[in-house]
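Here are my notes on this one, point by point. Have the coordinates open while you read.

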Amino acid sequence: MRKPVSEFVTAAACALFLLASLALGSSGCGKEERDYSKDLLAAATALSEEESAHALVNAAVSPLEGESGMAVSVQGDAWIDLREPALEARFTVLGMEISLRYTQGHAYLKVGGNWYSLSAEGMGVSEKLPSSLMGVVKALPELLSASVSVDYLGERKVGSFDCAELEVYPDFKSLSEVEQVGRLAEDLGLTPEELQEILSGSNLEMRVCIQKGKPVIRQVYVAADVSLSSFNEELGLGLLPEKGRLELTAEFPEYGVEVAVEAPPEARPFKGL
């Protein structure tokens, strides 16, 4: 396995489950005895027709017990075109304002007023990875109808929306056997069995909040144990722990938003922060 891949895979997996969680809608909050598994399939089918979303993102990495390194948090907005795919995002990291763009198979990072091009090869992944992730989204009806169970946790407020909160339990073995997941694993430089093993050992937690009365996801929480050594190396930070706990919360105030992403006219090769 190429060195960066094992460290990159959990971030890609979080993206996968973040996209997957958009499908966990229901026709209403209901009561605790409601069979939410039936709502999964209907909402997954609806998501496969979704075009775009606006996300408010909060992420944090903290060292696992016995690990050195500092805790790091990230906050910002992301606008995602699920058809292309394409992405426009603006974040604050360690007091720095950072922008990220993905369009036409290329990723770009803006730091300190300058745009940089990010190489898929440099990150140890395939340029086909974003398209593979979108393929998994299109296959959500098949994935979620057989491989996910949920527990109802109660009601909570997300922004101005009243929601039901669910605990989500993916079945990694079933997921790894789906054709589109096999393609994703290949683009990560892994076999489906290796992907399953990594995900099974990541201590993954996932919760989603569903708006009352509509099949709409308003918040997603994903947490996993991750290895970050190659991210330190590729980004030139040297600050992150070798192993940490990644926690990601994304709120979705809008769907069907306009997403216009253009490649920056001048972008230098990225050589680290």
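1. Which residue is the bridge partner of Val158 in β8? That partner is Phe161. The strands β7 and β8 (residues 161-170) run antiparallel and share ten bridges. Their hairpin leaves two residues between the strands, and Gly159 has a positive phi there, near 60 degrees. For the bookkeeping, helices (H or I, at least four residues) and strands (E, at least two) are DSSP runs numbered from the N terminus, and two strands pair if DSSP finds at least two bridges between them.

2. A word on provenance. This is a predicted model, in which local features need pLDDT of at least 70 and side-chain atom pairs count only at pLDDT 80 or more, while totals for chains, interfaces and linings use all residues. Residues are numbered from 1 along each chain as its sequence is written, and side-chain values use heavy atoms, with hydrogens and water left out.

3. Now the sheet as a whole. Twelve strands make up an open, mixed sheet, ordered β7-β8-β9-β10-β11-β1-β2-β3-β4-β5-β6-β12. The edges are β7 (148-158) and β12 (268-269); each has a single partner strand, so one side of each has no neighbour in the sheet.

4. In β12, Arg268 is the bridge partner of Tyr116, and Pro269 is the bridge partner of Ser117. On its other pairing, β6 is antiparallel to β5 (residues 106-111), with five bridges. Lys110 stands opposite Trp115 of β6. The β5 and β6 hairpin has two residues between the strands, and Gly112 takes a positive phi near 60 degrees in it.

5. Back in β8, is Leu166 buried or exposed? Leu166 lies in that strand and is buried at 1% relative accessibility (buried means under 20% relative accessible area, exposed over 50%, partly exposed in between, with a 1.4 Å probe and protein chains only).

6. Salt bridges next: a side-chain nitrogen of Lys or Arg within 4 Å of a carboxyl oxygen of Asp or Glu. The whole structure has ten of them. One joins Glu155 and Lys212, with the closest N and O atoms 3.2 Å apart. Glu155 is in strand β7 and Lys212 is in the loop between β9 and β10 (217-227), so this pair ties together parts that are 57 residues apart in sequence. Glu155 is exposed at 51%, whereas Lys212 is partly exposed at 37%.

7. Asp162 and Lys157 also meet in a salt bridge, at 3.0 Å from N to O. Asp162 is partly exposed, with a relative accessible area of 38%, and Lys157 is partly exposed at 49%.

8. Glu205 and Arg207 form another, at 3.8 Å from N to O. Salt bridges with shared partners link Arg156, Glu165, Glu205, Arg207, Asp225 and Arg245 into one network.

9. How many aromatic pairs does the structure hold? There is one. The ring centres of Phe252 and Tyr255 are 6.0 Å apart and the planes are at 15 degrees, so the pair is stacked. The cut-offs for rings of Phe, Tyr and Trp (its six-membered ring) are centres within 6.5 Å, with planes under 30 degrees apart counted as stacked, over 60 as edge-to-face and the rest as tilted. Phe252 is buried at 2%, and Tyr255 is partly exposed at 22%.

10. Phe161 turns up again here: Arg218 lies over the face of its ring, 3.9 Å from the ring centre. The criterion is NZ of Lys or CZ of Arg within 6 Å of the ring centre and within 35 degrees of the ring normal.

11. Two loop and helix details. Asn203 is a residue other than glycine with a positive phi, near 55 degrees. Asn203 sits in the loop between α7 (192-200) and β9 (205-211) and is partly exposed at 46%. Helix α6 (residues 179-187) has Val181, Gly182, Leu184, Ala185 and Asp187 as its buried residues, and is followed by Gly189, with a positive phi near 75 degrees.
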